[in-house]
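Subject: Handover of the two-chain model

Dear colleague,

Please find the structure below, together with its sequence. My notes on what was found in it follow.

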Amino acid sequence: MPGLGRAALALALVLLVYAMVVGSYAAWKGRRRLLESAQSALIAAAAATAVAAAVLFLALAFTDFSLRYVWEHTSRDLPLIYRVSSLWGGQEGSLLLWMLVLTITAAAAIALNRRLVTNVLPWATPIFAAIAAFFAIVLVFVSTPFATQAIPPDGLGLNPSLQNVYMAAHPPLLYLGYVGLTVPFVFAMAALVSRHVDERWIIATRRWTLFAWTSLGFGILLGAKWAYEEVGWGGWYAWDPVENAALMPWLVATAFLHSVMIQEKKNMLRVWNVILISLTFSLALFGTFLTRSGVLNSIHSFAESSIGSWFLGFIAVVTIGSSLLIISRLPQLRARAKLESMLSREAAFLYNNLFLVALALTVLWGVAWPLVSEAIRGVAVTVGAPYYDFFAIIFGLPIVLLMGIAPLIAWRRSSWRSLRRQVVAPVGVAIVAGVLLALGGAASSVPALVGYTFSAFVLSAIILEFARGTRARHSKGGSWPGAFTGLVARNRRRYGGYVVHASIMLLLIGAAGVGAFSSSKLVQLSPGEAVAVKGYTLTYQGVEQGHTQNATEVRATFAVSRDGNEAGTISAGRNRYFAEDQTSNEIGLRTDWLRGEDLFVIADRFDPDGTVFVQVIVNPLVNLIWLAGIIFVLGSLITLWPDAREQRRIAERLEALAAFRGGTDPLAEGSVAPTTR
Amino acid sequence: MGIAAIALAALLGFVCILIVARPFLRSHDADDTLDQLDAIQRHRLELLEARDRAITALQELEVDHREGKVSDADYRTLVSQLRGEAARAIAAIDAARGEADRGAIEAGSPPSEAMEHEPASGSTAPVEPGED
């Protein structure tokens with residue numbers, strides 16, 4: 001039913017324009033019923049978008065090739081999971097998913113924040129609607145997923161590299177991240193428009209920001225896992241512009257999550273926070289632009305792209321509009337408090353902010369420079385991994401160091417003497433770990449050794465914080481486990497944050513392991529011949545052929561032994577996909593969980609005489625990267641979990657406010673005077 | 001576009017119109033103004049927030065001092081500064097409450113309920129180890 005899909009999208013566009021225009025008028029004039037109608041239009045737009053998405057979803061599931069999008073991205077042999085996941089496999093479907101998540105998120109964010117940010121909320125509705133309307137315009141007029149055609153016998157299929165379970169989950173998580181970051185941006189802009197620039201918009205959107213940041217972070221890691229297994233070069237992150245597209249907003253959002261704590265506690269950094277969230281949202285849009293406009297292939301394909309100029313225009317409107325708004329509200333945004341000491345936790349957060357933003361801007365320059373160069377000079381240049389690696393070390397190591405130091409410094413003011421006393425134990429652990437690792441051979445890579453030493457410092461500082469807090473609670477009575485869980489439950493934000501920090505350290509250890517200590521050998525083997533790499537011996541047994549639902553498989557099988565002990569077999573080879581008429585490398589992977597290392601085998605050339613060209617890689621500690629992902633989500637969940645005490649505190653504050661006027665709830669319907677302007 | 005698609009699209013449009021019109025259909029309340037805090041209420045809320053912020057900061061200071069992150073000298077300076085901030089916020093709340101009471105009496109309404117000089121319950125809870 002492509003007609004229903006088109007009609008639903010057109011209806012969503014009309015509803016969003018209504019929500020934008022009527023919502024703006026209602027917020028300006030303080031008209032309650034009009035605002036409620038605009039908010040209802042936002043909900044109705046979400047429903048209409050859901051209908052459009054459902055139409056496309058069903059068309060993909062049942063391979064309705066009368067839709068051009070379905071023909072371009074599926075085939076009859078394609079397994080159901082990939083037929084469904086091709087909803088986000090192409091440009092039009094991705095944009096529809098963006099719009100669906102955005103309209104649902106907008107409706108939910110407005111419904112859930114009615115009491116906390118009453119003065120800001122009216123302006124959030126039209127701003128949400130304006131952003132969603134942009135996507136609706138693109139989907140209705142420029143790049144529709146419901147274009148029809150004469151029904152062909154079969155589809156073109158899905159790019160083989162996208163036929164991977166991680167790719168089924170990676171894009172939706174990124175979109176959840178990108179779209180989730182719209183919530184703090186919209187509330188920040190609404191706070192600026194309404195001139196209510198206190199920290200309430202931050203409190204109202206904190207969990208949305210955390211959720212979006214977690215989704216984006218986990219999505220990036222799933223993308224890395226996909227690249228590791230599917231792209232098959234033995235690494236996990238290549239500083240590819242598409243990967244960087246998601247990393248940039250994540251880095252700035254990380255800075256934002258830290259700096260908002262200073263605004264909440266000290267009412268400082270108000271200008272900085274609105275700049276950070278505007279930059280985060282602009283980078284999220286830029287990420288979508290990079291992956292969807294074709295600009296990464298070449299400037300020419302961007303010029304031919306149907307949506308590239310639309311996106312560029314929208315990014316310009318968002319960036320210029322938010323900048324002008326921030327400048328116009330500078331008098332209200334100026335902080336009343338000052339940083340009391342450069343040696344305080346808030347100062348440490350500020351330094352971490354500067355390094356994070358510097359790293360994000362460096363990555364942005366690395367992504368943008370080839371585009372600028374090609375557009376202006378007509379010369380295609382590439383910015384390679386050495387550029388990114390250099391700045392990742394230059395800015396990354398201070399960030400790591402600050403992750404260890406900040407928890408040991410007091411809020412407001414600390415002294416060098418106190419700090420020295422606090423860091424003695426973690427520094428001692430780090431030095432011992434560094435010396436032991438150097439003696440064990442890790443000194444062959446100085447950056448890795450420094451990374452490990454810094455990681456030991458941070459992890460011991462985190463353990464010390466947990467131990468100190470647990471011991472203090474235990475001293476008041478109760479069991480040790482009870483003291484530990486009580487400690488985390490009483491302050492989820494702080495201790496959840498420490499768990500996230502620990503996950504970043506695991507990632508660093510894993511990344512340093514792969515980057516500095518992996519071993520590789522590229523050989524040509526005949527059946528019966530063997531290759532040895534770092535304790536593993538692989539003996540080539542021969543070639544096997546098979547087929548799946550939509551491809552034929554060729555696999556070279558190797559008997560594996562480790563330090564002389566048999567360790568089973570491993571297979572690697574290639575797949576040939578019928579509908580797509582493409583081949584893909586299918587790597588062999590054997591994980592040693594105890595050591596955290598992988599045996600990684602690529603076999604990409606099979607000769608008729610039975611010989612095979614094979615690359616064998618041993619990646620030490622690589623599995624710590626994936627383990628870090630799980631711990632990252634766990635830490636984020638601890639932080640995200642609702643805090644009943646905070647909710648109670650806000651409710652009691654509102655009750656106290658009501659007590660000023662003889663017990664009337666100030667936010668009850670009809671009990672409040674009109675907005676003063 | 002087939003008949004079924006047209007019918008479903010029309011149904012969807014009708015439902016959406018109902019959703020958008022609902023606030024006008026269900027509400028017969030004469031007051032059509034937005035439920036927002038006026039300038040006086042916002043000022044009072046800011047005072048309450050300033051009081052809670054100062055008390056939370058005092059609690060954090062206690063924890064940091066106990067864990068050795070703040071020297072005794074810094075602790076003494078900061079504790080007196082934060083107590084001053086909390087006291088000023090409480091005094092301002094008292095003054096605002098007095099004004100509200102006078103206004104209520106002049107208008108013939110009952111005075112405000114007694115406001116304790118206690119912060120919200122989350123803030124008055126005893127300081128727990130490891131709490132921010």
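Helices and strands are DSSP runs, a helix needing at least four residues and a strand at least two, and both are numbered from the N terminus. In those terms, A:Leu269 sits in the loop that joins H10 and H11 of chain A. Please bear in mind throughout that this is a predicted model.

**Two residues with positive phi in chain A**

Most residues other than glycine have a negative phi. A:Leu269 is not a glycine, yet its phi is positive, at about 60°. This residue counts as buried because 24 C-beta neighbours lie inside 10 Å, the threshold being 20 or more. A:Arg195 likewise has a positive phi, near 65°, in a residue other than glycine. Its place is the loop between H8 and H9 of chain A. With 14 other C-beta atoms within 10 Å, A:Arg195 is partly exposed.

**Chain A as a whole**

Chain A contains 22 helices and nine strands. Its radius of gyration is 27 Å, which agrees with the value near 26 Å that a compact globule of 677 residues would have. Along the principal axes, the C-alpha atoms of the chain fill a box of roughly 90 × 75 × 55 Å. Buried residues amount to 54% of the 677 in chain A. Among contacts with a separation of 6 or more, 72% link residues 24 or more positions apart.

**Helices of chain A**

Helix H7 of chain A covers residues 165-180, 16 residues in total, and spans 23 Å from its first C-alpha to its last, close to the 22 Å expected at 1.5 Å a residue. Which residues of H7(A) are buried? They are A:Met167, A:His170, A:Pro171, A:Leu173, A:Leu174, A:Tyr175, A:Leu176, A:Gly177, A:Tyr178, A:Val179 and A:Gly180. The buried residues of H7(A) pack against several helices of chain A, including H4 (80-85), H5 (91-112), H8 (182-194) and H9. Helices H10 (241-266) and H11 (270-292) of chain A are also among their partners.

Helix H9 (residues 200-231) of chain A also takes part in a pairing with helix H21 (residues 623-640) of chain A, where the two axes come within 10 Å and cross at roughly 170°. H9(A) is therefore roughly antiparallel to H21(A). On the side of H9(A), the contact is made by A:Arg207, A:Leu210, A:Phe211, A:Thr214, A:Gly217, A:Phe218, A:Leu221 and A:Lys225. H21(A) contributes A:Trp626, A:Gly629, A:Phe632, A:Val633, A:Ser636, A:Thr639 and A:Leu640. By type, the residues of this contact comprise eight nonpolar, five polar and two charged.

**Individual residues of chain A**

A:Trp123 belongs to helix H6 (residues 121-142) of chain A. This tryptophan counts as buried, since 25 C-beta neighbours lie inside 10 Å. Leaving aside residues up to four places away in sequence, A:Trp123 touches A:Ala27, A:Ala190, A:Val193 and A:Ser194. A:Trp123 and A:Gly515 are separated by 392 residues in sequence and by 48 Å in space, C-alpha to C-alpha.

A:Gln149 lies in the loop between H6 and H7 of chain A. Is A:Gln149 buried or partly exposed? A:Gln149 is partly exposed, as 13 other C-beta atoms lie within 10 Å. Apart from residues up to four places away in sequence, A:Gln149 touches A:Ser66, A:Arg68 and A:Trp71.

A:Leu654 is part of helix H22 (residues 644-659) of chain A. With 19 other C-beta atoms within 10 Å, A:Leu654 is partly exposed. A:Leu654 and A:Tyr69 are 585 residues apart in sequence, and 52 Å separates their C-alpha atoms.

**Chain B**

Chain B has four helices and zero strands, in the order α-α-α-α from the N terminus. Of its 132 residues, 30% are buried. Residues 24 or more positions apart provide 64% of the chain B contacts with a separation of 6 or more.

Helix H2 of chain B takes in residues 39-66, which is 28 residues, and reaches 40 Å from its first C-alpha to its last, close to the 40 Å expected at 1.5 Å a residue. Just after H2(B), B:Gly68 adopts a positive phi of about 80°.

Yours sincerely

Methods. Residues numbered from 1 in each chain as written. Chains lettered and ligands numbered in written order. Predicted model: local features only at pLDDT ≥ 70, side-chain atom pairs only at ≥ 80, totals over all residues. Rg over C-alpha atoms; globule rule 2.2 N^0.38 Å. Buried ≥ 20, exposed ≤ 12 C-beta atoms within 10 Å, placed from the backbone. Contact = placed C-beta atoms within 7 Å. Expected span 1.5 Å × (residues − 1). Axes fitted to C-alpha atoms, helices over the stretch in contact; angles between N-to-C directions. Parallel < 35°, antiparallel > 145°, perpendicular 65-115°, else oblique. Nonpolar A, V, L, I, M, F, W, Y, C, P; charged D, E, K, R; others polar.
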